[in-house]
Amino acid sequence: MAGLRSVLGGRSVAGQVFLLVVVIVLLLVVAAVVALVLQVRHDTTQEARNRSLAVAETFANAPGTVEALESPDPTAVLQPRAEAAREQSKVDFIVVMNTDGIRYTHPKPDRIGKKFVGTIAPALAGESFTEEIEGTIGPLVQAVVPVKNPDGRVVGLVSAGITTKNVGGTADRQLPLVLSAAAAALALATAGAALVSRRLLRQTHGLGPHEMTRMYEHHDAVLHAVREGVLIVDDGGTLLLANDEAHRLLGLPADAEGRHVLSLGLDPGTAELLASGRVATDEVHLVGDRLLAVNQRTTDRAGVPPGSVATLRDSTELRALSGRAEAARERLNMLYDAGVGIGTSLDVTRTAEELAELAVPRFADFATVDLFDAVLGGGQPDAAAALSRVALSGVRKDAPLYPVGERIRFVESSPQGRSLDTGRPVLEPRLSEAPGWQAQDLERSAQIVEYGIHSLITVPLRAGSLVLGVVSFWRFEKPEPFDTDELALAEELVARAAVSIDNARRYTREHSMAVTLQRSLLPRNLPEQDALEIAYRYLPAQAGVGGDWFDVLPLSGARVALVVGDVVGHGLHAAATMGRLRTAVHNFSALDLPPDELIALLDELVGRIDQDETEEEGSAPVTGATCLYAVYDPVSRRCTVARAGHPPPALIHPDGSVEFPDVPAGPPLGLGGLPFETAELELAEGSRLVLYTDGLVEDRERDIDVGLDMLREALGRSGRSPEDTCRTVLDSQLTARSSDDIALIVARTRALAADQVAEWPVPADPAAVGEVRAAVTRQLARWGLDELTFTTELILSELVTNALRYGGGPIHVRVLRDRNLICEVSDSSSTSPRLRYATMTDEGGRGLFLVAQLAERWGTRYLPAGKVIWAEQPLP
């Protein structure tokens, strides 16, 4: 009761609020009643207008109205209708009149024939309208509507009206109810105001306005005067209050109060903490350049709205600590990036460039890398040799430092020279005061100082005990010189890069060894021969050393063998395997074997290599090898070809047309189990035979059929010479360096003229030996080779005699004049003669010995039906 009396007394804030609420509710009730009465009256008039207008328009447009007006007695027709309509529509009158306003109908018959009271001019103009007048039956609202005939002419008027008292009365009936509702609302509002005021009394502790004002002033003074930020956030994350210090520390906008903390532009960590409402004690947050210690507690206690209060404290010591932590983090990030970004390739120069690019501008304004020349080639560095600048990166391009490519020999007093000599980093904080550095190049040193570069760190590139070069870091934009902490960071950064540079150096050395081995295994010069005009190209792979190879081998009888092969893979193993196969082909070709037999022997050899390599732990077998072997005979113009898993050859006819002859494709070398087949091609003189490896026509981005079509198109528009053909093919086939080796041979055929070949059949008679000698003597005389007559007679005599004695018919002699004079004797026997020393008591056995002594070369070539014994003599 005491609280209620205090509320009703009006001395406290709660009492004043109660009285104010009661007065406001009372005013609202009075205003509601007045508004209701006015609204009812307005609605009454509007309803009268709408009803009278609707009745008048309905009657005017009713069927028969126009005809009644034009009848001799309109009243007789219209009066009953008007009264019936009036009773149904609940209006007070319906009056039909002519265009002069004379009534034809009226609820009171004595008014018929008299002039209508009201305005009819708008209706005569064809418009309907309503008006409020004081009529003969009291205040009313009436509507006047024109009656139009079919052609739109106004032939009469209809007026309907209703008195206000018949429509009104609603307000009188509703007013008691409204007053009762207002009284009830006033009672409820008063009770509610009393409850609210009582609660307000409890929350304000019965303080009056003066006491409340004084308490707020003290609160405001304390809140905004303290040098600690204070924020109050409700449980939804909305900022309710922030003092001046909080605004300053967090950089809050002026309208921050009332906005969600996540929309204030705070750093994510601080905003998340304030929005979460979780308890925090001295939690450190970096806000801009300030390091703030944040404490936060919840206000969710009995009688207190849920939310949180946070205090912010700016700490100078914590800021310094944060700066050191940020610097340490940046250094760790840079070292991590060095481990990831340096050494992405196995190229020494590129690795040095990556080091310089990483250091600028994160650590230094300029960075240079100088390496010994031997390191660039993969060799061991020589401490007495000069260095080459291989990388330079900077924030500007016009620095007066040694450019890339410059050969430098550092003096002993320079920081670089001391680093190379001691293997330790050197710090020169002020270059303008470093005479040892200036002694390196007095003119350039002065330019560097004048340019603004003022501090230097040099670190040797060490890989184990080897010093590969030196890295220099130069400071230009930041005014502070390098310090010892940065010296340690530079040493760690260069140490990580040195590992990558040393790996690249080792790879360069291994790659150079492999390239050297490969080059030594490939033919350096093509042998001299007249059967083919040859051009070739060899392009190594973009990375690594491959196993593609080719060769040109002169054979007996002026024939020439062309061979091209491919060993799958890259590196030393592929190059070594290629060398073994090329050597084997050389040896097998010396036996004058047909192409299919030579390929079969090569297949067997690769199988044995695979078997031997598999048995040795850690060795890799030949994962794949292909070969194509072709033998061209300039006498018959026939070319015999066999291939093992290799792309087919291309043939350019003398008319320029291109075809890929159908050469049976055997399996790759080393698989075994299947025979190899040959194809025999007859080539017109001037034809070009094109042999190649799959790197020319096959690529990761295109199918081999597409590559063959491109090759066909390039060959079709190439020049006639083999050199032009090679150039055109490589220019058109390669848009970039291939990922595989490419070997290409183009051979244009020649033919021995008929006057360069002489041949005779030999009858099975010992006397025929003399006839052969005589025929050869005459032929040599025609060729102008009389100097070779004696030795040639001896060679042919012995070979023909052996064929007659040990061979079988038919016997045939052929002499060829090419680069050498070639004598051939063929018979049907497959027995091969052999060279031996005859004893003193032997009657024979000395003939082949004489042949070997007189001829430059001799040998046996087997045919499908017999053999050929041949001997070559150099032309005088």
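Is Arg 637 buried, partly exposed or exposed, and at what relative accessibility? Arg 637 counts as partly exposed, at 28% relative accessibility. Here buried means under 20% relative accessible area, exposed means over 50%, and partly exposed is in between, with a 1.4 Å probe and protein chains only.

Before I go on, some background. This is a predicted model, in which local features need pLDDT of at least 70 and side-chain atom pairs count only at pLDDT 80 or more, while totals for chains, interfaces and linings use all residues. Residues are numbered from 1 along each chain as its sequence is written, and side-chain values use heavy atoms, with hydrogens and water left out.

Back to Arg 637. Arg 637 forms a salt bridge with Glu 682, and the closest N and O atoms are 3.8 Å apart. A salt bridge is a side-chain nitrogen of Lys or Arg within 4 Å of a carboxyl oxygen of Asp or Glu. Arg 637 sits in the loop between β19 (625-633) and β20 (638-644), and Glu 682 in strand β24 (residues 678-682), so this pair ties together parts 45 residues apart in sequence. Helices (H or I, at least four residues) and strands (E, at least two) are DSSP runs, numbered from the N terminus. Glu 682 is partly exposed, at 49% relative accessibility.

How many salt bridges does a search of the whole structure find? The search finds 36. One of them joins the side chains of Arg 475 and Glu 486, at 2.9 Å from N to O. Arg 475 is in strand β15 (residues 466-475) and Glu 486 in helix α17 (residues 484-521), and the pair, eleven residues apart, links distant parts of the chain. Arg 475 counts as buried because its relative accessible area is 4%. Glu 486 is buried as well, with 10%.

Helix α17 also holds Arg 505 and Asp 502, three residues apart, or about one turn of the helix. Their side chains meet in a salt bridge of 2.9 Å, N to O. Arg 505 is buried at 1% relative accessible area, and Asp 502 is buried at 8%.

Next, a buried residue in a strand. Asp 548 lies in strand β17 (residues 546-554), and its relative accessibility is 0%, so Asp 548 counts as buried. Its side chain makes a polar contact with the side chain of Thr 693, at 2.9 Å. A polar contact is a pair of N or O atoms within 3.5 Å; within protein, one must be able to donate a hydrogen and the other to accept it, and residues adjacent in sequence count only if both atoms are side-chain atoms.

Now the surface. Which residues form the negative surface patch? They are Glu 698, Asp 703, Asp 705 and Asp 709. Patches are made of residues with over 30% relative accessible area and no salt bridge, joining like charges within 9 Å and nonpolar side chains (Val, Leu, Ile, Met, Phe, Trp, Tyr) within 5 Å. Glu 698 is in the loop between β25 (688-692) and α20 (704-716), and is partly exposed at 39%.

There is a nonpolar patch on the surface too, formed by Leu 26, Val 30, Val 34 and Leu 38, with about 350 Å² of accessible area together. Val 30 is in helix α2 and is partly exposed at 47% relative accessibility.

Last, a glycine. Gly 64 lies in the loop between α2 (13-60) and α3 (65-69), and counts as partly exposed at 23%.

Notes:
Accessible areas come from the Shrake-Rupley method with a 1.4 Å probe; for residues, only the protein chains shown count as cover. Lys and Arg count as positive and Asp and Glu as negative; His and the chain ends are not counted. The place of a charge is taken as NZ of Lys, CZ of Arg, CG of Asp or CD of Glu.
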